[in-house]
Amino acid sequence: MNRRDRLDILTIIKRITFIFIGVSAVCSLGVLILWVFGIPGTQNEYARGWELGLYTLFHYVVGSVIFLVTYVIGILISKRFQRMRHFNLVTISIFWIFFLYSAFNMLRSFYIMFSAS
């Protein structure tokens, strides 16, 4: 695999991740709005799972917006300074760790909510 092939693969990964961040942030914002309407009336295990889901969705939306802004700033900086070219790879790597953590927390919140019923 030569250098050009690696650069093409990295470009594809960057574009797919950028699109995924945007789409998942918009979807999460929609789910967050619907999630707020399900406010539980009592403080029980279901409410604890619901609260974990609310915080996870909120933090994911805010984190995704921060990652998008950081990604765009990284693109602008890397066009000017070639040494900063790999900054977006670090940003993408951190995003995927953040996404996996958020997905794990959402699964945990569903588990708590459904095990309480």
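Biologist: Thanks! Where does Thr 91 sit?
Modeller: Thr 91 is in helix H3. Helices here are DSSP runs of H or I with at least four residues, strands are E runs of at least two, and both are numbered from the N terminus. Before we go on: this is a predicted model, where local features need pLDDT of at least 70, side-chain atom pairs count only at pLDDT 80 or more, and totals for chains, interfaces and linings use all residues. Residues are numbered from 1 along each chain as its sequence is written, and side-chain values use heavy atoms, with hydrogens and water left out.

Biologist: Is Thr 91 buried or exposed?
Modeller: Thr 91 counts as buried because its relative accessibility is 8%. Buried means under 20% relative accessible area, exposed means over 50%, and partly exposed is in between, using a 1.4 Å probe and protein chains only.

Biologist: And what does Thr 91 touch?
Modeller: Not counting residues up to four places away in sequence, Thr 91 touches Phe 67 and Thr 70. A contact here means heavy atoms within 4.5 Å.

Biologist: Tell me about Phe 67, then. Which ring does Phe 67 pair with?
Modeller: By the ring rule the count comes to 14 aromatic pairs. One of them joins Phe 67 and Phe 98, with 5.6 Å centre to centre and 45° between the planes, so this pair is tilted. The rule takes rings of Phe, Tyr and Trp (its six-membered ring) with centres within 6.5 Å; planes under 30 degrees apart are stacked, over 60 edge-to-face, and the rest tilted.

Biologist: Which residues make up the ring cluster?
Modeller: Ring pairs link Phe 20, Tyr 60, Phe 67, Phe 95, Trp 96, Phe 98 and Phe 99 into a cluster.

Biologist: New topic: which residues form the largest nonpolar core?
Modeller: That core has seven residues: Leu 32, Trp 35, Trp 50, Leu 54, Leu 57, Met 106 and Met 113. A nonpolar core is a set of buried Ala, Val, Leu, Ile, Met, Phe, Trp, Tyr and Cys residues joined through side-chain atoms within 4.5 Å. H1, H2 and H3 are the elements that give two or more residues to this core, and H2 gives the most, with three.

Biologist: What is Trp 35 in contact with?
Modeller: Trp 35 lies in helix H1 and is buried, because its relative accessible area is 11%. Leaving aside neighbours within four places in sequence, the contacts of Trp 35 are Trp 50, Gly 53, Leu 54, Leu 57, Met 106, Ser 109, Phe 110 and Met 113.

Biologist: And Trp 50, what does that touch?
Modeller: With residues up to four places away in sequence not counted, Trp 50 touches Trp 35, Val 36, Gly 38, Ile 39, Pro 40 and Met 113.

Biologist: Why is Lys 14 called buried?
Modeller: Lys 14 has a relative accessible area of 18%, so it counts as buried. Lys 14 lies in helix H1 (residues 3–36). Among the residues that Lys 14 touches are Tyr 71, Arg 85 and Asn 88.

Biologist: How many salt bridges does the structure hold?
Modeller: The structure holds one. Arg 48 forms a salt bridge with Glu 45, the closest N and O atoms being 2.6 Å apart. The rule asks for a side-chain nitrogen of Lys or Arg within 4 Å of a carboxyl oxygen of Asp or Glu. Arg 48 and Glu 45 are both in helix H2, three residues apart, about one turn of the helix.

Biologist: Last one: which residues make the nonpolar surface patch?
Modeller: Val 65, Val 69, Ile 73, Ile 77, Phe 81, Met 84 and Phe 87 make a patch of about 570 Å². Patches are made of residues with over 30% relative accessible area and no salt bridge; like charges are joined within 9 Å, and nonpolar side chains (Val, Leu, Ile, Met, Phe, Trp, Tyr) within 5 Å. Accessible areas come from the Shrake-Rupley method with a 1.4 Å probe; for residues, only the protein chains shown count as cover. Helix H2 (residues 45–80) gives the most to the patch, with four residues.
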